[in-house]
Amino acid sequence: MKVLAINATSRPKQTTSQLTLKALEGAASMGAETEMVLLKDLDINFCTNCLACYQDHESEIADCTIDDDVRGVLEKIKKADGLILSSPVHSGFVTGLMTTFIERACFTMVKPTGEVLGMKGCPEPRLTDKARAVATIVSAGQIPPELRQYCDMGTPWLQEAAAMIANGSSMGDMYACAFFPHQLNDEEMTRAFLLRELTEEQFAEAFALGEKMARAIKDDEVGPYDPAAFLPEGVET
Ligand SMILES: Cc1cc2nc3c(=O)[nH]c(=O)nc-3n(C[C@H](O)[C@H](O)[C@H](O)COP(=O)(O)O)c2cc1C
């Protein structure tokens, strides 16, 4: 059993990385072989909309005309049984590193042959060999979970992207806002991102998420991508 994390932080030792590694530790405690890929270390270029991948409806991973490190990461997803996508919140969304990677994974891992709500040409996963457990981790600044909607537009998008490219179902998402060693004064508030700390509870949540993923894989309880799971409230298939 392999659990892969793709991490879109620029800081290999800080919050997103610490939480991602903790989730992988949770997966490893259930016997998973784990790996964290740091997108910042790779050569990843923007999609040019040449549509080469889009026209290929046969390959498990469609070829891309850009020769860089993306293909290698997609091959790792294919080999994995579980996929964690993790990112800091930057300007209310996931980082540019993550969106750049997902736009490249879009039609290389997905093909436009699906049908949702009676519409043909919708995306469906290419990797139909197995269903993969997916999860997301985002780390944010000082916005508390109850106000998360104002600074975390990324998680719903990342959840569906993960499920679609890996042909999987979600085991959960983690949102980690900042906690501080003491009540911050006004001056400290202006550099709150630098003073944040992760709590034992947040590490425990990340560990539990990884553990849950690996347990579901082990117990064969992971379902394939289901577009119905991501429809807006009130919309039915
Ligand atoms: C350019 C930039 C934009 C940010 N925007 C937000 C934001 O919109 N909301 C928020 O809660 N935190 C925001 N933050 C804070 C980061 O989400 C937070 O510090 C995160 O934990 C950093 O993760 P890292 O330690 O892996 O780099 C921003 C940070 C940067 C550098």
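Where is the place of D152? D152 is in the loop between β6 (132–139) and α5 (154–166), where helices (H or I, at least four residues) and strands (E, at least two) are DSSP runs numbered from the N terminus.

Before I go on, a word on the model. It is predicted, so local features need pLDDT of at least 70 and side-chain atom pairs count only at pLDDT 80 or more, while totals for chains, interfaces and linings use all residues. Residues are numbered from 1 along each chain as its sequence is written, and side-chain values use heavy atoms, with hydrogens and water left out.

Back to D152, then. D152 is buried, with a relative accessible area of 6%; buried means under 20%, with a 1.4 Å probe and protein chains only. Its side chain makes a polar contact of 2.7 Å with the side chain of T155. By polar contact I mean a pair of N or O atoms within 3.5 Å; within protein, one must be able to donate a hydrogen and the other to accept it, and residues adjacent in sequence count only if both atoms are side-chain atoms.

Now, the ligand. Around the ligand there are 17 residues, and T9, T15, T16, V89 and R196 come nearest; a residue is near if one of its heavy atoms lies within 4 Å. Which side chains reach ligand oxygens? For R196, a polar side-chain atom lies 2.6 Å from an oxygen atom of the ligand. T9 has a polar side-chain atom 2.8 Å from a ligand oxygen, and for S139 an N or O atom of the side chain is 2.8 Å from one. The protein covers 76% of the 650 Å² of accessible area that the ligand has on its own, by the Shrake-Rupley method with a 1.4 Å probe.

Terms used
Buried < 20%, exposed > 50% of the residue type's maximum accessible area, 1.4 Å probe, protein only.
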